[in-house]
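Here are my notes for your first read-through. Keep the model open beside you and take the points one at a time.

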Amino acid sequence: MALRPIVYHIFPQPLPYAPTLSLQQQIHELQLRQRRASPRSHQDILLLLQHRPVYTAGRRQNDSEVNEESLRLRHLGADFVATRRGGQTTYHGPGQVVGYPLFDLGRMRLSIAEYICKLQTMLKEHFLRRYGIVSIDSDNTGVFLAPDVKIASIGVQVRHRLTSHGFAYNTTREPLAWFNQVVACGLADVKAGCVADAVGRPVSMQADVEALLQTTSRIFDREVVKVDVAQGGELEDAVGELEAMAGRLGAPPVLSF
């Protein structure tokens, strides 16, 4: 039986990290509740966005590492949040596309490793088809343009076969100065790259995300359909509330090169 379409929402303004994490948890609980009531009733959801400047730590790090990094990085003007995703410290902020797929791996008949492989394939194909960017193979998770240049990161959490967290990649140069403040993902000899540098020209975030949705549909062999926030419902109301919150915030801080 064919799977239902993936529903997606593109947030127009950078989002604070903690409320966005709360939205993922709210959606996870909604999916779990609906699945228990009727196994095929819940939707697979993809949130696409930019964050306000934030460093996040993964579950591979100990408390002393996290506390020390938190104090230093908050002084730069960014938030700092410890999470339960895989991986180590990374950065999210304006100029970077962040994707949070909230998918049911059981229904898709994917292992966690197969799911991560699909995300990686999706990103590589997106860069190649949209920009002609050829990535290289690496023993590390993510997408690399060279052994020492990483353009995209993947870090997921899976509970009850439902995914959260996801992927991020740099489109403009704006995130690079923030990345230079940390050993991103624990890779000391690797620096952050971006699409704009790889193609030698400015990149439209809106056009990039629209192309990414086409690649997502192709790789997962699913139709993608936009969330209609105006129609109401638990998912739609939660998305609308976060969008309204982001609209009330001022401009995010900028870190100079």
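1. Some ground rules. Two strands pair if DSSP finds at least two bridges between them. Helices (H or I, at least four residues) and strands (E, at least two) are DSSP runs, numbered from the N terminus. Residues are numbered from 1 along each chain as its sequence is written. This is a predicted model, where local features need pLDDT of at least 70, side-chain atom pairs count only at pLDDT 80 or more, and totals for chains, interfaces and linings use all residues; side-chain values use heavy atoms, with hydrogens and water left out.

2. How far to trust it? pLDDT is the predictor's confidence in each residue, from 0 to 100. The protein averages 90, and 92% of the residues score at least 70.

3. Which strands does E2 pair with? On one hand there is E1 (residues 6-10), parallel to E2 over four bridges, with Ile 10 partnered by Leu 48. On the other there is E6 (residues 96-102), antiparallel over five bridges, where Leu 49 has Val 98 as its partner.

4. Is E2 buried or exposed? Buried means under 20% relative accessible area, exposed over 50%, partly exposed in between (1.4 Å probe, protein chains only). Five of the five residues of E2 are buried, so the rest of the structure largely encloses this strand. Ile 45, Leu 47 and Leu 49 point one way, while Leu 46 and Leu 48 point the other.

5. Follow the chain from E1 through helix H1 (residues 17-37) to E2 and you trace a right-handed β-α-β unit. Right-handed here means that, with the strands pointing away from you, the path from the first strand over the helix to the second runs clockwise.

6. Now the inside. A nonpolar core is a set of buried Ala, Val, Leu, Ile, Met, Phe, Trp, Tyr and Cys residues joined through side-chain atoms within 4.5 Å. The largest one has 34 residues, and Leu 123, Phe 127, Phe 167 and Phe 220 have the most contacts inside it. Elements giving two or more residues to this core include E1, E2 and helix H7 (205-220). Apart from it lies another core of 22 residues, among them Val 7 and Leu 47.

7. Last, look at E3 (residues 54-57). Val 54 and Thr 56 on one side, and Tyr 55 and Ala 57 on the other, are all buried. Val 54 stands opposite Asp 79 in E4 and opposite His 92 in E5.
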